[in-house]
Amino acid sequence: MLLNVIGRYSGRLGGQSLLRIPRNPPTSCVARLIGSNRNADAARRHKIRTTIYYVAAAGVLTVGMSYAAVPLYRMFCQAYSYGGTTGVGHDAEKVESMKRVQDRVIKILFNADIGASMRWNFKPQQPEIRVVPGETALAFYTAKNPTDHPVIGISTYNVIPFEAGAYFNKIQCFCFEEQQLNPHEEVDMPVFFYIDPEIMDDPKMELVDSITLSYTFFEAKEGVNFQMPVYATKHGSK
């Protein structure tokens, strides 16, 4: 119908056509169109492959960092006393020769937490003790596995205020070591420590009269059995 109308108007204008629609477009145009589509598809596939590679690499890195998190955290924090983590080890000669600062009493508070997936019961046996710089002290935490199968845990810790971590020295503790508790087993975990007398020379510590020692237990990966540490003393289940 539309072509008939156009034909009639064309006849009235001297046989000149108003509109010419090619039935067969040039081969070169078709080739250019197909080539353009192929290039777009190739670029799109390349972009998808690149995205997949990046996502896979990120996943592998995340898994690797999850296994390395605790040892890396331990090395960094202990090397720099970052985030209230105490310094590396202790000087045995210093412990034997250091003098107590009798006129500076510091209250040590104890806190216990567990990770979201950890199934232990974990708590300090004493809410607080009082010590003086240069004096060794012993405290205990209690951990219990209330489940019907073995659970392996590993702990981290920090000290608040953070600046006190440089002077809070542990002689013996249970941090950063995997502990396995059998079903319904309960153990006492000691912390043997002292406050370095050098805290008296730090102006930032002048008004500090209390320090909080906080432990957090997380569930370690399953499938690996570890010996219970010799200092973990069993006692009756409650």
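Predicted model: local features only at pLDDT ≥ 70, side-chain atom pairs only at ≥ 80, totals over all residues.
Start on the surface. Ile-48, Ile-52 and Tyr-53 form a nonpolar patch there. Ile-48 belongs to helix α2, which covers residues 27-80. The relative accessible area of Ile-48 is 47%, so this residue is partly exposed.

Now turn to the buried residues. Asn-169 sits in strand β6, residues 168-172. Its relative accessible area is 9%. That makes Asn-169 buried, because the cut-off for buried is under 20%.

Move on to the loop between β6 and β7 (179-181), where Phe-176 is placed. Phe-176 is buried too, with a relative accessible area of 7%. Look across to Ile-154. Phe-176 and Ile-154 are 22 residues apart in sequence. In space, their C-alpha atoms are 5.8 Å apart.

Strand β8 (residues 186-195) holds Asp-188. At 16% relative accessibility, Asp-188 also counts as buried. Its side chain makes polar contacts with two others. One joins Asp-188 to the side chain of Gln-125 at 2.8 Å. Another joins Asp-188 to the side chain of Thr-142 at 3.4 Å.

Next come the charged pairs. Side chains of opposite charge can pair when their charged atoms come close. The whole structure has three salt bridges.

Take Glu-135 and Arg-100. Their side chains meet in a salt bridge of 3.3 Å, N to O. Glu-135 lies in the loop between β3 (128-131) and β4 (136-144), and Arg-100 in the loop between α3 (92-97) and β1 (106-114), so the pair ties together parts that are 35 residues apart in sequence. Glu-135 is partly exposed at 21% relative accessibility. Arg-100 is partly exposed as well, at 45%.

Another bridge joins Glu-219 and Arg-119, at 2.2 Å from N to O. This pair links distant parts of the chain, 100 residues apart. Glu-219 is in strand β9 (residues 210-219), while Arg-119 is in the loop between β1 and β2 (121-124). Both ends are partly exposed: Glu-219 has a relative accessible area of 21%, and Arg-119 has 29%.

That leaves Arg-130 and Glu-128. In this salt bridge the closest N and O atoms are 3.0 Å apart. Arg-130 is exposed, with a relative accessible area of 54%. Glu-128 counts as partly exposed, at 31%.

How values were computed
Residues numbered from 1 in each chain as written. Heavy atoms only, no water. Patch = residues over 30% accessible without salt bridge, like charges linked within 9 Å, V, L, I, M, F, W, Y side chains within 5 Å. Areas by Shrake-Rupley, 256 points an atom, 1.4 Å probe, with all protein chains shown as cover. Salt bridge = Lys/Arg side-chain N within 4 Å of Asp/Glu carboxyl O. Helix = DSSP H or I, 4+ residues; strand = E, 2+ residues; numbered from the N terminus. Buried < 20%, exposed > 50% of the residue type's maximum accessible area, 1.4 Å probe, protein only. Polar contact = N/O pair within 3.5 Å; in protein donor to acceptor, adjacent residues only side chain to side chain.
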